[in-house]
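Please open the model in your viewer and keep the sequence panel beside it. The tour moves from one selection to the next and says what is there at each stop.

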Amino acid sequence: MAITMTAAAQEHVARQLAKRGKGIGIRVGVRTAGCSGMAYVLEFVDEANAEDEIFEQGEVKLIVDPKSLVYLDGTELDFVKEGLNEGFAFNNPNVKNECGCGESFHV
């Protein structure tokens with residue numbers, strides 16, 4: 001099981017960690033939310049938990065808890081800019097459908 005990041009996502013996370021002045025990486029997870037059942041969660045990590053899976057991506061560590069990894073296996077995290085908008089995009093092969101607003105998904 002694995003999760004990857006594009007070069008753009010790696011660069012963005014590295015810049016944000018440098019601005020923050022601390023942290024070992026970013027946690028990616030899922031939580032129950034939205035109309036389709038699940039939503040992605042991103043947060044900075046200062047210290048990993050013993051049960052976490054850690055995927056090193058260049059200079060950045062991508063940290064995932066075991067329960068979330070089941071839903072995120074094979075996902076590629078990207079950072080995209082479209083006009084004035086920018087943000088993370090999840091290319092998750094496990095998604096069966098998404099809600100109309102794009103905030104949640106179902107596997």
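Begin by selecting Arg20, which is partly exposed because its relative accessible area is 33%; here buried stands for under 20% relative accessible area, exposed for over 50%, and partly exposed for what lies in between, with a 1.4 Å probe and protein chains only. The model is a predicted one, in which local features need pLDDT of at least 70 and side-chain atom pairs count only at pLDDT 80 or more, while totals for chains, interfaces and linings use all residues. Residues are numbered from 1 along each chain as its sequence is written, and side-chain values use heavy atoms, with hydrogens and water left out.

Helices (H or I, at least four residues) and strands (E, at least two) are DSSP runs, numbered from the N terminus. Asp46 is partly exposed, with a relative accessible area of 40%.

Next, select Glu43 and Arg27, whose side chains meet in a salt bridge at 3.4 Å, N to O. Glu43 lies in strand S3 and Arg27 in strand S2 (residues 25-33), 16 residues apart, and the pair links distant parts of the chain. Are the two partners buried or exposed? Glu43 counts as partly exposed because its relative accessibility is 40%, whereas Arg27, at 12%, counts as buried. A search of the whole structure finds five salt bridges, and one of them is formed by the side chains of Glu86 and Lys81 (3.9 Å, N to O); both Glu86 and Lys81 are exposed.

For the next stop, display the strands S1, S6 and S7 as a cartoon. They form an open sheet in the order S1-S6-S7, with mixed pairing, where two strands pair if DSSP finds at least two bridges between them. Strands S1 (4-5) and S7 (85-91) stand at the edges with a single partner strand each, so one side of each is left without a neighbour in the sheet. Strands of a sheet pair through backbone hydrogen bonds, either parallel or antiparallel. Strand S6 (residues 76-82) runs parallel to S1, with two bridges between them, and S6 runs antiparallel to S7, with seven bridges.

Select Leu77 in S6 to see both sides of this strand: Met5 stands opposite Leu77, and the bridge partner of Leu77 in S7 is Phe90. Where S6 and S7 form a hairpin, two residues lie between them, and Gly83 in the turn has a positive phi of about 65°.

Helix H1 (residues 7-20) can be shown next, as it lies across S1, S6 and S7 and runs at about 80° to S6; axes are lines fitted to C-alpha atoms, for helices over the stretch in contact, and angles run from 0 to 180 degrees between N-to-C directions. His12 is found in this helix and counts as buried at 12% relative accessibility. Leaving aside neighbours within four places in sequence, His12 is in contact with Phe79 and Phe88, contact meaning heavy atoms within 4.5 Å.

Which aromatic pairs does a search of the whole structure find? There are two, and rings of Phe, Tyr and Trp (its six-membered ring) pair if their centres lie within 6.5 Å, with planes under 30 degrees apart counted as stacked, over 60 as edge-to-face and the rest as tilted. The rings of Tyr40 and Phe90 are stacked, because their centres are 3.8 Å apart and their planes at 5°. Tyr40 in strand S3 and Phe90 in strand S7 are 50 residues apart. Phe79 and Phe88 form an edge-to-face pair, 5.3 Å centre to centre with 75° between the planes; Phe79 is buried at 10% relative accessibility, while Phe88, at 26%, is partly exposed.

Finally, select Pro93, found in the loop between S7 and strand S8 (97-98) and exposed at 55% relative accessibility. Pro93 and Gly74 are 19 residues apart in sequence and 6.5 Å apart in space, C-alpha to C-alpha.

Technical notes: Salt bridge = Lys/Arg side-chain N within 4 Å of Asp/Glu carboxyl O.
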